[in-house]
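Please work through the exercises below with the sequence and the model side by side, and try each task before you read its solution.

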Amino acid sequence: MTYCSSMYKPLERVIVKHPNDAFISQDQINNEWQKFNYVEAPDFNEALNEYADFISILEKHVPQIDYLPTSSKVGMDSLYAHDPVKFTSKGAIILKSGKALRQPEAGVYKEFLKEKNIPVIGELTGNAVADGGDIVWLDDRTLAVGRGYRTNDEAIRQLKEMTADLVDEFIIVQLPHDQGEAECLHLMSFISMVDRDLAVVHSRLMPVFFRQLLIERGIQLIEVPNDEYMNLGCNVLALAPRVCVIAAGNDCTKQQLLDARATVYEYKGNEISYKGTGGPTCLTCPVVRN
């Protein structure tokens, strides 16, 4: 089986985590939200409603949805199933989060993949740290990795080694300091691939070489305005080429996607996305895209 080395091909299998199993309860949220640096405490019941809507969109397009189990080893950030692993065409790479509180998620994920008979082709070791949000497939054989506070040089070296036979072009993108170490800036914070020649971007945060490289590759850029960037407007999940999911309230970005002949689904993501700074791509870990 070919696993996932794309951000936009038709999504056939995805791993998610339900707020019932990540947030647990309102009491748990009240104890944890500040520690995990949320904007404010999510409302548990409202989070369940938002998540039901989000999953109903996925179910229209994705034949297989796997749910990560509850685990006392991890916290509320485990809702964002994208970050602890990254898939390649041959299987998963187990990562180690640059946010220390999230590091136990990798072990839980590894067990889960074993149970599901999903191959693991490598695992970060030593002082390497990386988040899935810093690793972007521009196409099947081109991998871009953000070097920032969540992904270090040693992780990049190991990732390059592990993907040597799967990648023709390995691009290192230096990330800006932006709002600092405590905030989460990933490579995927300012780019979402929606088709092989369409990306949603926030250019202000992009290194010039990377922006030029995208344009040279014939990729049309949809520019997310500042206010919508803060509302996770740049975080767009492709369910198939030009079929995508976006958090509600990003009207300018949505209109540009529609103008580019994309189908756009919206979900209200105040509790499950905005407050934890994790949009639809963060909520999902694509396993198979064909």
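**Exercise 1.** How many residues does the largest nonpolar core have, and which of them have the most contacts inside it?

*Solution.* Before counting, note that this is a predicted model, in which local features need pLDDT of at least 70 and side-chain atom pairs count only at pLDDT 80 or more, while totals for chains, interfaces and linings use all residues. Residues are numbered from 1 along each chain as its sequence is written, and side-chain values use heavy atoms, with hydrogens and water left out.

A nonpolar core is a set of buried Ala, Val, Leu, Ile, Met, Phe, Trp, Tyr and Cys residues joined through side-chain atoms within 4.5 Å, where buried means under 20% relative accessible area, exposed over 50%, and partly exposed in between (1.4 Å probe, protein chains only). The largest such core has 54 residues, and those with the most contacts inside it are Leu138, Phe210 and Leu257. A second, separate core has 31 residues, among them Val16 and Leu79.

As a next step, take Leu257 and leave aside its neighbours within four places in sequence: its contacts (heavy atoms within 4.5 Å) then include Val194, Ile222 and Cys244.

**Exercise 2.** Is Arg102 buried or exposed, and which side chain does its own side chain meet in a polar contact?

*Solution.* Arg102 counts as buried, because its relative accessibility is 6%.

Next look for polar contacts, that is, pairs of N or O atoms within 3.5 Å, of which, within protein, one must be able to donate a hydrogen and the other to accept it, residues adjacent in sequence counting only if both atoms are side-chain atoms. The side chain of Arg102 makes such a contact with the side chain of Asp83 at 2.9 Å, and a polar atom of the Arg102 side chain lies 3.1 Å from the backbone oxygen of Asp77.

**Exercise 3.** Where does Leu232 lie, and where is the place of Arg261?

*Solution.* Leu232 lies in the loop between helix H7 (226-230) and strand S12 (237-240), whereas Arg261 has its place in the loop between helix H8 (251-259) and strand S14 (263-267). Leu232 counts as buried because its relative accessibility is 11%, while Arg261 counts as exposed because its relative accessible area is 65%.

Finally, check the backbone: Leu232 has a positive phi of about 65 degrees although it is not a glycine, and Arg261 likewise has a positive phi of about 65 degrees without being a glycine.

Methods. Helix = DSSP H or I, 4+ residues; strand = E, 2+ residues; numbered from the N terminus.
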